[in-house]
Amino acid sequence: MKNSIQNLFICCVLIMSIPSVWAQSASTNFPAKNIVILYSDDQSYRTIQALGNKEIKTPNLDHLVKSGLTFQQAHVMGGHQGAVCIPSRVMLLTGRYVNRLPGDGNVIHDSLVSLPEVLRQKGYTTFHTGKWHSDKKSYARMFSKADHIFFGGMHFPKEGGQEHPRVNHFDPTGSYPPEKSFLSDTYSSHLYAQTAIDFLGSQEAKEKPFFCYVAFTSPHDPRTPTARFSKAYDPSKISLPPNFLPEHPFNNGDLHVRDENLLPHPRTEVAIKQDIAAYYGMISELDEQIGRIMSTLEKEGLLKNTLIVFAGDNGLAMGQHGLLGKQNLYEHSIRVPMIFSGPGIPKNVLNNSFVYLSDIAPTIYDYLEIKAPKTVEAKSLLPILHHPEKAVRDQIYNVYGHWSRSLKTKDGYKLILYNVNGVLTSQLFNLKTDPWEKYNLAQDKTQQRRIKRMRNLLKKEMLEKHDNLQIDLPDWGRSANQKSAGS
């Protein structure tokens, strides 16, 4: 009896000594039944303190990094027009690659079966709040519950801005007439976080498995952080990116898209630092809202059976290479943060495997042991989640517009090719020695065999990914009017 009491006492001490669930992230050998996806808007991969940016404050994302597996080489595949976030969000939900998304995903046809549709058919509550940049008919197929839905790409200042986003209550009919939309009196990310918190605290979230998709509109412009975060960063103390330029050195095909006109040309150091300070302020405010969601999951006892995925829809230049937006194929625009955390996921692991945002859907199917629809093209990352030393692909292919393509290989080299009004331009970077893509090696005679090999790999990737640009560019070799551009 005495030994039994002692053993009971020891067990109680051990239980009491376990740190909070949020700090450590509960882990078992069994997959979770619930899924939470937290998706930020225009957040580049260099914007989390735990991943190397010592100037930004992101305590909650830092905790998420420590509690899960972070893919440090996560990419959006790209888009054929300026609103890269449209195909990004559709690729996330469907596991489809960009070249076979009609209209880049502005309408998600019935033939493209999405993750929330499959889970809804299996009895899940499928919940959404925040941004929806595709058609309303597909929205009605996917979600059984929602609130504060924003149909559009960004909160324009004349339409309420981030401060008063125009949103909709859930309409079971799926019609969403414009006169039923309204201006919120709450800042966008706080509104969407609170809506998710209300759902997570509901009885329905306790009784049925759920898929909760929180699609933030921050830190997308207008860069207007809340009053408390507007002064969180002193522009004079913000470091200028090492690859800052007043102007991009050549015509990349989209130098005057809306994003590139948010600041005057040429860019000035002062203007860029002010913009980055506001950008960081919005990310820190977003981080606080993510912390509120995580605290709710802990409070409601949901962390032990919930898989959490955090990712950004695409990156942003913010003065790098003389650019501001995401309409290019540099690392700052194609790479995003992406973190998996939850039961069975390794803790505090940084992984450098090449992955896409579209890999999220097939990974969740495998994690839940659900057969993926035939329309899925991307790869499951479950092998990496089980064995972080593994990889699922040897190279990354990216697309922007009908004039630029890129290829990155596991030896650290990256090739970008452009055809802008018949002018062929090439760039080659060694990302291991030049992570900021400052030194173009395309004219280096010692690199010509490598460039030829990478061009052939790019053609192979284009063929496999159903990229018809090869019709427009029959000769990927050098030509008389081709030039090599530094950046």
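Helices (H or I, at least four residues) and strands (E, at least two) are DSSP runs, numbered from the N terminus. This is a predicted model, in which local features need pLDDT of at least 70, side-chain atom pairs count only at pLDDT 80 or more, and totals for chains, interfaces and linings use all residues. Residues are numbered from 1 along each chain as its sequence is written, and side-chain values use heavy atoms, with hydrogens and water left out.

Start with the largest pocket. A pocket here is an open set of points on a 1 Å grid over the protein atoms alone, where a 1.4 Å probe fits, with protein on both sides within 12 Å along at least five of seven lines. Its volume is about 510 Å³, taken as the space filled by probe spheres set on the points. The lining counts 32 residues, each with an atom within 4 Å of a point. Nearest the centre lie Arg-46, Thr-47, Asn-53, Tyr-280 and Trp-436. Strand 2 (68-71), helix 10 (269-299) and strand 11 are the elements that give two or more residues to this lining. Helix 10 gives the most, with 3 residues. By type, the lining holds 17 nonpolar, 11 polar and 4 charged residues.

Strands pair if DSSP finds at least two bridges between them. Strand 3 (residues 74-75) runs antiparallel to strand 11 over 2 bridges. Within that pairing, His-75 stands opposite Arg-335.

Next comes Ala-83, in the loop between strand 4 (78-79) and helix 4 (85-94). Ala-83 counts as partly exposed because its relative accessibility is 22%; buried means under 20%, exposed over 50%, with a 1.4 Å probe and protein chains only. The C-alpha atoms of Ala-83 and Arg-258 are 9.9 Å apart, although 175 residues separate the two along the chain.

Finish at helix 14 (residues 448-464). Its 17 residues should span 24 Å at 1.5 Å a residue, and the end C-alpha atoms are 24 Å apart, which agrees. The expected span is 1.5 Å times one less than the number of residues. Buried in helix 14 are Arg-450, Ile-451, Met-454, Arg-455, Leu-458, Glu-461 and Met-462. They cover an arc of only 135 degrees around the axis, so they sit on the same side of helix 14. The face turned away from that buried side carries the exposed Arg-449, Lys-452 and Leu-463. Just after helix 14, His-466 takes a positive phi of about 60 degrees.

Conventions. The arc is that of the directions from the helix axis to the C-beta atoms. Ala, Val, Leu, Ile, Met, Phe, Trp, Tyr, Cys and Pro count as nonpolar, Asp, Glu, Lys and Arg as charged, and the others, Gly among them, as polar.
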